[in-house]
Amino acid sequence: MKDGRIETLCATTSLVNNVRSICFSVTGDTLFIANDNGNNITGNPVAVGMVTRKGGFKDLQSYIASEKFPHPHINGIAVNPKDGSVFTYHWPRQVYRYNQATGTCENVINNEQFNDLVVGFFPDADGNMQDISGNGGYGCLAFSPDGKTLSWGGRDPYQGILKADYDLTTKTCSNLNRFAGNGVWGIIDGQGTAARMDQPNQIAVDKDGNLFVTPRFGHSIRKVTPEGYV
């Protein structure tokens with residue numbers, strides 16, 4: 001969309017028929033398209049497609065094949081702004097980094113690491129403990145401007161944002177922790193886990209590292225500072 005004109009660039013059904021998330025490469029010359037194929041590798045052989053500026057963003061082609069993932073059920077995609085690595089978030093609760101040099105997908109945050117933080121008992125608005133369980137976990141990804149912090153916005157059933165450190169040298173994530181929101185639905189401002197989120201659905205990051213979050217049902221835009229104030 002530009003200057004009030006809406007243009008259809010390409011139909012994606014030939015390769016990625018359930019587009020869930022998109023993001024640009026560091027140079028802005030490639031648009032990556034994440035496909036939520038529901039583990040249907042036969043019907044949806046492409047997990048991540050791409051189009052290029054050179055091709056007018058109409059030259060749809062495969063970037064990562066679904067067979068490279070044990071769980072090709074992608075909800076979110078992000079590119080590290082410093083090393084250009086493509087990261088994908090998969091239901092149920094997995095984060096992968098695509099190693100373009102080897103053509104392999106490396107699991108950088110696994111289901112068990114997520115479950116330690118997002119499965120269990122959390123307080124509701126009245127302080128009553130609610131059991132959040134299940135193997136769900138739709139989510140979105142975003143990097144800090146320096147490429148050293150990866151944020152995950154989670155919904156269904158956990159509501160909130162986790163963050164992890166990313167090592168630009170080893171290409172690994174560590175220190176996954178709760179950052180904003182306490183796991184239960186709500187629209188409450190505050191510091192860190194004292195705040196509440198209502199299904200974080202997409203995150204944008206500004207040059208100062210602030211997160212701007214769109215809640216699916218919250219009818220609002222939330223801002224989260226690098227210090228975790230919502």
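## Salt bridges

Arg155 forms a salt bridge with Asp156, with the closest N and O atoms 3.2 Å apart, where a salt bridge is a side-chain nitrogen of Lys or Arg within 4 Å of a carboxyl oxygen of Asp or Glu. Arg155 counts as buried at 9% relative accessibility, whereas Asp156, at 23%, counts as partly exposed; buried means under 20% relative accessible area, exposed over 50%, and partly exposed in between, with a 1.4 Å probe and protein chains only.

The model is predicted, so that local features need pLDDT of at least 70 and side-chain atom pairs count only at pLDDT 80 or more, while totals for chains, interfaces and linings use all residues. Residues are numbered from 1 along each chain as its sequence is written, and side-chain values use heavy atoms, with hydrogens and water left out.

| Salt bridge | Closest N to O |
|---|---|
| Arg155 and Asp156 | 3.2 Å |
| Lys171 and Asp83 | 3.0 Å |

Lys171 has a relative accessible area of 24% and is partly exposed, and Asp83, at 26%, counts as partly exposed.

## Nonpolar cores

In soluble globular proteins, nonpolar side chains tend to be buried together. The largest nonpolar core has 22 residues, and those with the most contacts inside it are Phe87, Val95 and Ile109; such a core is a set of buried Ala, Val, Leu, Ile, Met, Phe, Trp, Tyr and Cys residues joined through side-chain atoms within 4.5 Å. Elements that give two or more residues to this core include strand 6, strand 8 (104-109), helix 1 (111-118) and strand 11 (138-143). A second, separate core of 16 residues includes Ala47, Tyr63, Ile64 and Val79.

Leaving aside neighbours within four places in sequence, Val95 is in contact (heavy atoms within 4.5 Å) with residues including Phe87, Ile109, Phe114, Leu141 and Leu150.

## Aromatic pairs

The structure holds 13 aromatic pairs, in which rings of Phe, Tyr and Trp (its six-membered ring) have centres within 6.5 Å, with planes under 30 degrees apart counted as stacked, over 60 as edge-to-face and the rest as tilted. One of them is the tilted pair of Phe32 and Tyr63, 4.8 Å centre to centre with 50 degrees between the planes, which links strand 2 (residues 30-35) to strand 4 across 31 residues. Phe32 is buried, with a relative accessible area of 6%, and Tyr63 counts as buried at 15%.

The ring centres of Phe87 and Phe143 lie 5.0 Å apart and their planes are at 65 degrees, so this pair is edge-to-face. Phe87 in strand 6 and Phe143 in strand 11 are 56 residues apart, and both are buried. Tyr89, Phe114, Phe122, Trp152 and Tyr158 form one aromatic cluster.

Key: Helix = DSSP H or I, 4+ residues; strand = E, 2+ residues; numbered from the N terminus.
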